[in-house]
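Subject: Structure handover

Hi,

Here is the structure I promised to pass on.

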Amino acid sequence: MGSLYGAASSLSDPTALANPLQPPDLSKCHPAIKGDAGDTADCCPPFSDQIEFKLPSPKEPMRIRPAAHLVDKAYIDKYEKAISLMKALPDDDPRSFKNQANVHCAYCNGAYDQVGITPSVALQIHFSWIFFPFHRYHLYFFERILGKLIDDPTFALPFWNWDSPDGMQIPAIFADPASPLYDAIRAPDHLPGGSSPLVDLDWSRSAASLTPEAQWQSNRDVMHTQMVSGAKKRTLFFGTPLKAGDLADGNGQGTLERTPHGNLHIWVGDLTREYKEDMGNLYSEDMGNFYSAGRDPLFYSHHANVDRMWDLWKTLGPRRTDFTDPDWLDAAFLFYDEHARLVRCRIGDSLDNKKLKTDYEPVRIQWRHSKRVPKTKSATTTTKKKRELTDLSKFPLVLNKAISVAVPRPRKNRSKAEKEEEEEVVVVKGIEIDRSQVIKFDVALNDDDDGAPAGPRDTEFAGSFVNVPHRQKPGASKFKTALTLGITDLLEDLGADGDDTVVVTLVPKVGEPVIGGLKIDYLAD
Ligand code: C2O
């Protein structure tokens, strides 16, 4: 097919010359931008010579990451000690907690430009296929630094098991104000003991108060959509290609990066936006803005679970493998290792956690099978009123209320083999947002107008667009991206696979993005 991601992708053209993203030039690092008022943060790391990454020796012990809600006292003591030591390192030591948090800040909020590209293009490690490998390396070095500080080569970070009913709260080890694992800048109502402490993986900035059972059912269905039914092609799961010179915004994030990854950033962060005498302007710190997310120790456990999902995704079906495209494999980043050396790391060396001597403690996975039902068949819905339709010719438009559009399907009733070959996708094109704001909108298919739009538990719900605030440049902060959602299973489950059109409903949840258009397409990779 090739047209979907256009010239930006060498997936579509095997003869194109490889042009992988290059690591930044640290000597040209400039201040990162926090938010709309243009306040800057100095996230630049100390500069030094770089070496090439080498895999750890096969003789090194495995580091087995435990679930954060299951760790014992001895583990907590060890982890707290390691974080305290890291926080005590001086500011000129790249291994200090502050500098480690700044690694993320610099790669996310515009401190680096892509090397050798004019006019300048910011380096951005979200919104594309480099999201998973970048964060894997970040955890890898963060963990090894901690292990070195306590002289324990088996030390492994805990993962926040938010995909299980027992992990649906901020883990207790991060919630004790006396602990070095605590962070004071979080949404108070989401703390254990707060007014809505249960993790909502589909959070839309509303105070949901579901029972634990109902919240778990919703979270389970979110996980199934993001990992199984909606992630049957690589670009759907990892995000779309990005090579040197491309704006990161392109065609966008993979399933997991949006939800639950992005949702949980804004769920944990304190979304306050105001000026405070003692703190200056607030921009959803700490977890709710990329520049500050790494200051919360919970960030690293959140990302450990995101990383665990990469491993799990590859076990869930036949064609679920890593990309083989050199533009992905040879893209590279810089990190500091446990000896404070600057290391150049290729994506290609990060694909196998076992080779990195990292693994995850096995826990029960309860979202493999879908329990979703169409709204028309669920007990809570009685009416069956068709939605009023907006014409495709009305785009671009500002999404300030729910709209429904009948979108033609070029093909219908495809064979099983055709469906395996190409995933049917709905593409929301030309999404224009202010990158410094929280933005979320939902997408549903053939959803009747019965008052409540489809949610994660309904078959009709296809997914959401989610933006975690991050500012890259002073001045303009608009950016354009797209959202691609896999819908082959969904259409079958709705009994709509023989229809000529599908009614796509867009529901704004937070913010008012501009939407450029909608189409149905077929995705091979
Ligand atoms: Cu780089 Cu969870 O963010």
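Below is what I found in it, grouped by region.

One thing to keep in mind throughout is that this is a predicted model.

**The α3/α8 pair**

Two packed helices are described by the angle between their axes and the distance between the axes. For helix α3 (residues 131-149) and helix α8 (residues 298-313), the angle is about 125° and the axes are 10 Å apart. That angle makes α3 oblique to α8, and the crossing of the two helices is left-handed. On the α3 side, the contact is made by Phe131, Phe132, Pro133, His135, Arg136, His138, Leu139 and Phe142. Their partners in α8 are Phe299, Tyr300, His303, Ala304, Val306, Asp307, Trp310 and Asp311. Sorted by class, this contact has 10 nonpolar, three polar and three charged residues.

**The annotated spans**

An unreviewed UniProt entry lists residues 126-143 and 296-307 under "domain: Tyrosinase copper-binding". In the model, residues 126-143 are 72% helix and 0% strand, with 21 Å between the end C-alpha atoms. Residues 296-307 are 83% helix and 0% strand, and their end C-alpha atoms lie 18 Å apart.

**Two buried loop residues**

Ser96 sits in the loop between α1 (73-88) and α2 (97-108). It counts as buried because its relative accessibility is 2%. Beyond its neighbours within four places in sequence, Ser96 touches Met86, Leu89 and Pro90.

Ile365 belongs to the loop between β9 (358-360) and β10 (397-398). With a relative accessibility of 19%, Ile365 also counts as buried, the cut-off being under 20%. Setting aside neighbours within four places in sequence, Ile365 is in contact with Arg308 and Leu312.

Another cis peptide bond links Thr259 to Pro260, with omega about 5°, and Pro260 is placed in helix α6 (residues 255-268).

Which residues other than glycine have a positive phi? Ala340 is one of them, at about 65°, and Asn446 is another, with phi near 45°. Ala340 lies in the loop between β7 (332-336) and β8 (342-346), while Asn446 lies in the loop between β13 (439-445) and β14 (461-467). Ala340 is partly exposed at 26% relative accessibility, and Asn446 is partly exposed at 25%.

Best wishes

Technical notes
Residues are numbered from 1 along each chain as its sequence is written. This is a predicted model: local features need pLDDT of at least 70, side-chain atom pairs count only at pLDDT 80 or more; totals for chains, interfaces and linings use all residues. Side-chain values use heavy atoms; hydrogens and water are left out. Axes are lines fitted to C-alpha atoms, for helices over the stretch in contact, and angles run from 0 to 180 degrees between N-to-C directions. Helices (H or I, at least four residues) and strands (E, at least two) are DSSP runs, numbered from the N terminus. Angles under 35 degrees count as roughly parallel, over 145 as roughly antiparallel, 65 to 115 as roughly perpendicular and the rest as oblique. A crossing is left-handed if the near helix is turned anticlockwise from the far one by less than a right angle, and right-handed if clockwise. Contact means heavy atoms within 4.5 Å. Ala, Val, Leu, Ile, Met, Phe, Trp, Tyr, Cys and Pro count as nonpolar, Asp, Glu, Lys and Arg as charged, and the others, Gly among them, as polar. Buried means under 20% relative accessible area, exposed over 50%, partly exposed in between (1.4 Å probe, protein chains only). UniProt positions are given in the numbering used here, feature names are shortened, and annotations may be inferred rather than shown by experiment.
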